[in-house]
Amino acid sequence: MDAARAALPRPGRAALVLERVEAFFDRAFGQRLNPWRHLGALGFHFFWICCASGIWIYVGFDTSATGARESLAAMDANDWPLGAFARALHRYSADALVAVTALHLLRELARRHYAAFRRFAWLTGIFALVVMFAAGIGGYWLPWDQLAQWSLTATTEWFDALPVFDGALTRNVISGDQVSDRFFSLLIFLHIGLPLTMLGAMWVHVQRVSPARTSPPAALAWGSAATLAALCLAKPLALMPAADLSRIPAAIPLDWFYLFPHVLMAAIGPDGLWVATAAFLAVLAALPWATRVPRAPAARVNLDNCNGCARCFADCPYDAVVMVARTDARPHPRQAQVDPLLCAGCGVCTGACPSSTPFRRDEQLATGIDMPSLPIGELRSRLEARAEGLAGHPRIVVFGCRWGADSARLEDASTAAVEFLCAAMVPPSFVEYALRAGADGVLVAGCREGDCEFRVGEALTAARLEARRAPALRPTVPRERVRLVPAGRSDLAVLREQLADFRTELTRLGPRAARHALPPKRQEKRHG
Amino acid sequence: MNRALRYGMQAILYAAFAATLGYLSTSPAFEPLPPGHALIRVSLNHAGQRMVACRKRTAEELAKLAPNMRAAEDCPRERAAVRVKVELDGRPVADIVAPPAGLSRDGASVAYRRLPVPAGTHRLRVSLADDAASTFDRVREEEMHLATGRVLIVDFEPGQGGIVFR
């Protein structure tokens, strides 16, 4: 069992480096508002700002090739209310969308969040990425100035490298004195249709997480929106001269967030860009299969202990648990069922199951939904053995998270550590059990706020310990003897500090009055 | 950390984000052509001649066909590829072969080529062949001044006399 447990996943080196970068942002924003932990939600946020400003621009936009630039020039002169501001906001929010999407991709890559149960989100994310660039680049054509002309021509030249087009597309742009209104209408249609496609892709992207976080915390949303607004006022957009098919401008003020592929094509040619793009996307798409990312085995339902309460269904961060009609003779209408392909092996469901209480008399504790790699019965045995060996005062039991700071390194004569697959795997009844088994205090160490490997573990743990969510820590448990500490993998020093502080507090409180107060029948079982 | 310092750090990080967006949204500027260059774009859409000329069907041949299929001429569909040669100041700069489109190779030939050239006065010679024997019987030669950043389109429009410089 120990060898099997040693093979369980741990954060990789890149994730640890990233954690240190994020720690710097923790100091400025606090853990809850750290933008690194809301990159996906910020992507949605910037997308909506981009849509809203785009709709406002479109109302005052002339959709003909000859009138488009003039209508935007009028906006820049504020003939259209807030026109210049809306144009800048549209551009900068689209740029911000690319920036946070790129960081989101890098972060998930560093954390190896692309295989197994995350494969679906990874692949749909790649599709959304492609659509985002297609939608964004198309937006640069609509002012129909020299930047638009150059970008459109570069794009058609790229597609013309495909045998199916073979030069036909670029003729649409360069063969006459001006592009036709019909062709220009197609460009406008693309810039409406592709963002709608992207919205669909984003919706699909978050389908297998529960709950999907598509809105950043209010403070971060307002802060980032205010930042964009300030940028719009400080640096409004400027149009280039009207498109002129007989000339190419000497220098183009390029938006590198979207238009860098044109520069790349100038360096390596259209065929080279196709090869580079295909290779980049193929590598991303192949990652879930090409690299082995270990994960804990999927949860297993034990029908003898499942009453169909649906708490595991409610808490599963990946919708891997569904409630189905009962298949045995027990008098409950439903039972839990796990989809092993979607299961992260996090143990959040075990922590949610009311049958996970260690106070049960059974020698082999079994619960309604358990983790084969770290069964709840073994965790109880380990807790009992560790708690029994504690000496001195105050005696502290630390429930650690496999993805957080290494709690085993805190162990000493008066401190016992038991590691779970996730802090949210700790049933609140285990906290009470530890206190009644001899501990003066229980410290639960989870990941940094918003940084749970399994998305919501630390938030669920806090809600359960604060009795905001079932299964809740019972009101009879003295709260001053329970502490929840957010501590990432590189936060061992923070955890030590918090432990020392907790120890001081427990010393002040004095020993627990009811030491060794396990239920009599459980004590009988343990001691014969 | 005290609140003022935290807000100060937030302001700095937000400002850095804004500065990155503001800078990279327009800078550094990109030069699409090397300095002192003009651009020739060869772009044409022209159907080459048939590989085999049409032939009048005899009365016997027509009689063998169903009444609704009795076209007077038998025209094999395949067309010749269109070839374009571009010479600048006597030096060949492009030799384009544009095959006919379609599974039966009976569609128009489409070609596009981008040719950056040094700005200045040049003698440009473009010749085009569109038959099976690749006979370059359409030629246009002209001395012209191409200013920096100028785009010259080379097209083929039979209705306007053949090869067009625009």
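This is a predicted model: local features need pLDDT of at least 70, side-chain atom pairs count only at pLDDT 80 or more; totals for chains, interfaces and linings use all residues.

Me: Which residues of α2(A) are buried?

Reply: The general idea is that an α-helix has 3.6 residues a turn, so residues three or four places apart point the same way. In this case the buried residues of α2(A) are A:Ala15, A:Glu19, A:Glu22, A:Asp26, A:Ala28 and A:Phe29. They lie on the same side of α2(A), because they cover an arc of only 155° around the axis.

Me: Against what do the buried residues of α2(A) pack?

Reply: Their partners are α5 (83-110) of chain A together with α1 (3-24) of chain B. As for the helix itself, α2 of chain A runs over residues 13-29, and its 17 residues reach 24 Å from the first C-alpha to the last, which is close to the 24 Å expected at 1.5 Å a residue. Just after α2(A) comes A:Gly30, which takes a positive phi of about 85°.

Me: How should I read a sheet, and what is the order of the strands in the open sheet of chain B?

Reply: Strands of a sheet pair through backbone hydrogen bonds, either parallel or antiparallel. Here four strands form an open sheet in the order β5-β4-β7-β8 (chain B), and the pairing is antiparallel. The edge strands, β5 (91-98) and β8 (138-146) of chain B, each pair on one side only, and the twist averages 15° from one strand to the next. If you follow β7 (residues 120-129) of chain B, you will find that this strand and β8(B) are joined by nine bridges in the antiparallel sense, and that B:His122 stands opposite B:Met144 in β8(B).

Me: How many residues of chain B are in contact with chain A?

Reply: There are 32 residues of chain B in contact with 38 residues of chain A. On the chain B side, the elements that give two or more residues are α1, β1 (37-46), β6 (109-118) and β9 (151-157), and α1(B) provides the largest share, 10 residues. Sorted by class, that side of chain B has 18 nonpolar, eight polar and six charged residues.

Me: Is B:Ile12 buried or exposed?

Reply: B:Ile12, whose place is in helix α1 of chain B, counts as exposed because it has 11 C-beta neighbours inside 10 Å, and the cut-off for exposed is 12 or fewer.

Note on methods. Residues are numbered from 1 along each chain as its sequence is written. Chains are lettered from A and ligands numbered from 1 in the order in which they are written. The expected span of a helix is 1.5 Å times one less than its number of residues. A residue is buried if 20 or more other C-beta atoms lie within 10 Å of its own, exposed if 12 or fewer, and partly exposed in between; C-beta atoms are placed from the backbone. The arc is that of the directions from the helix axis to the C-beta atoms. Two residues are in contact if their C-beta atoms, placed from the backbone, lie within 7 Å. Two strands pair if DSSP finds at least two bridges between them. Axes are lines fitted to C-alpha atoms, for helices over the stretch in contact, and angles run from 0 to 180 degrees between N-to-C directions. Ala, Val, Leu, Ile, Met, Phe, Trp, Tyr, Cys and Pro count as nonpolar, Asp, Glu, Lys and Arg as charged, and the others, Gly among them, as polar.
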